[in-house]
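Have a look at the structure first, then read on.

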Amino acid sequence: MASQVSIFSLICMGITTIICLLLPITFLFIWKLKYQLSFKPMCIGAGIYLIFSFFLESLFTSYILYTPHALSDYLWEHSLAYALYGCLSASLFQDIGYFFAMKKFQSDFPTQSHALFFGIGFGGLEMLFLGFISMWSALSLSFSINSSGLTSYLETFPDMQSAALSLINSPAYLFLLTGYERILIFILRLDLSIFIYTAVSKKKYLFPTAIFLHALFLLPTLLSQRAVFGTGNEITFIIEGVLTIFISFITLFTFWVSKKFS
């Protein structure tokens with residue numbers, strides 16, 4: 001059994017860490033310089049992420065899934081129900097946050113460019129929290145394991161055995177795929193910002209469509225987490241391929257909707 005995290009895994013973690021840090025920052029400054037926008041829409045987007053996703057959604061999911069009761073038992077025992085709950089709760093909390101912000105602060109979103117700046121704030125902070133910070137933590141843990149040796153590290157931190165073995169045994173490409181998936185989710189945030197902006201300003205009946213598309217995108221990942229499709233490297237690549245197809249469709253559909261109702 002290997003006792004260190006491979007150099008290839010470290011490189012892939014480093015690449016993903018850089019992507020998750022630089023991508024949102026690059027988008028932020030390009031959009032700011034190109035359209036000369038106030039930072040307010042971006043700050044509202046970041047605030048909505050913190051309130052509706054990071055706090056409210058996490059609090060609700062913690063109660064539903066991790067508090068012992070009949071519903072939590074049912075969801076853990078039934079993979080399809082678990083996946084449907086996960087994608088619907090995420091899409092509802094997050095998209096309601098989008099809708100609330102763009103309705104409450106409608107004067108701050110006079111154009112699609114302002115709405116996209118909102119999406120950069122929401123998606124950018126999410127990418128920093130769930131992409132950059134988590135991958136930086138994995139990278140730091142990997143260096144600690146490699147510098148002291150697995151046996152010595154686990155003697156000091158026995159509770160970290162599962163995390164340490166996961167880093168050692170995971171194929172290097174999985175860390176790159178994590179970065180790729182964060183990019184897809186960031187694109188989804190931009191799509192949703194345009195789609196829900198159009199719903200708020202033009203056609204409110206588009207809002208349920210946004211929730212449906214969001215949930216549809218999340219469903220394959222949640223099903224794969226429960227091994228509904230089986231396990232193996234080929235399943236991982238198939239899921240990423242399906243997500244790429246979904247995000248391509250959502251992006252094209254969002255572009256069509258924005259042009260049709262502009």
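## How two helices cross

A crossing is left-handed if the near helix is turned anticlockwise from the far one by less than a right angle, and right-handed if clockwise. With that in hand, take α4 and α9 in this predicted model: α4 passes α9 in a right-handed crossing. The residues in the contact of α4 with α9 split by class into 18 nonpolar, five polar and one charged.

Two packed helices are described by the angle between their axes and the distance between the axes. For α4 and helix α9 (residues 206-225), the angle is about 140° and the axes are 8 Å apart.

## Helix α8

Next up is α8, with 30 residues. At 1.5 Å a residue, α8 should span 44 Å, and its end C-alpha atoms are 45 Å apart, which agrees. Is α8 mostly covered or mostly open? Mostly covered: of its 30 residues, 22 are buried.

Arginine 189 sits in this helix, which runs over residues 172-201. Setting aside neighbours within four places in sequence, arginine 189 is in contact with Gln94, Tyr98, Gly119, Phe122, Gly123, Glu126 and His214.

## A shared glutamate

Side chains of opposite charge can pair when their charged atoms come close. How many salt bridges does a search of the whole structure find? It turns up three.

One of them joins arginine 182 to glutamate 126, with the closest N and O atoms 3.9 Å apart. Arginine 182 is in helix α8 and glutamate 126 in helix α5, so this pair ties together parts that lie 56 residues apart in sequence. Both ends count as buried, because the cut-off is under 20% and the relative accessibility is 12% for arginine 182 and 5% for glutamate 126.

Glutamate 126 also forms a salt bridge with arginine 189, and here the closest N and O atoms are 2.7 Å apart. That pair again links distant parts of the chain, with arginine 189 in helix α8 and glutamate 126 in helix α5, 63 residues apart.

Aspartate 108 pairs with lysine 40 in a salt bridge whose closest N and O atoms are 3.4 Å apart. These two come from distant parts of the chain, 68 residues apart: aspartate 108 is in the loop between α4 (79-104) and α5 (112-148), while lysine 40 belongs to helix α2 (residues 40-66).

Which ends are buried, and which are partly exposed? Aspartate 108 is buried, at a relative accessible area of 17%. Lysine 40 counts as partly exposed, at 42% relative accessibility.

## Inside helix α9

Back to α9 for a couple of its residues. Leucine 213 lies in this helix, and its 4% relative accessibility makes it buried. Not counting residues up to four places away in sequence, leucine 213 touches Phe195, Phe249, Ile250 and Phe253. Leucine 213 and isoleucine 239 are 26 residues apart in sequence, with their C-alpha atoms 17 Å apart in space.

Proline 220 is also found in helix α9, and at 9% relative accessibility it counts as buried. Which residues does proline 220 touch, not counting those up to four places away in sequence? They are Phe229, Ile239, Val242, Leu243 and Phe246. From proline 220 to glycine 232 there are 12 residues in sequence and 15 Å in space, C-alpha to C-alpha.

## Two more spots to look at

Most residues other than glycine have a negative phi, and most peptide bonds are trans. Glutamine 36 has a positive phi, near 55°. You'll find glutamine 36 in the loop between α1 (7-35) and α2, and at 60% relative accessibility it counts as exposed.

Serine 144 is part of helix α5. Its 31% relative accessibility counts as partly exposed. Serine 144 and valine 5 are 139 residues apart in sequence, yet their C-alpha atoms are 9.9 Å apart in space.

Conventions. Residues are numbered from 1 along each chain as its sequence is written. This is a predicted model: local features need pLDDT of at least 70, side-chain atom pairs count only at pLDDT 80 or more; totals for chains, interfaces and linings use all residues. Side-chain values use heavy atoms; hydrogens and water are left out. Helices (H or I, at least four residues) and strands (E, at least two) are DSSP runs, numbered from the N terminus. Contact means heavy atoms within 4.5 Å. A salt bridge is a side-chain nitrogen of Lys or Arg within 4 Å of a carboxyl oxygen of Asp or Glu. Buried means under 20% relative accessible area, exposed over 50%, partly exposed in between (1.4 Å probe, protein chains only). Axes are lines fitted to C-alpha atoms, for helices over the stretch in contact, and angles run from 0 to 180 degrees between N-to-C directions. Ala, Val, Leu, Ile, Met, Phe, Trp, Tyr, Cys and Pro count as nonpolar, Asp, Glu, Lys and Arg as charged, and the others, Gly among them, as polar. The expected span of a helix is 1.5 Å times one less than its number of residues.
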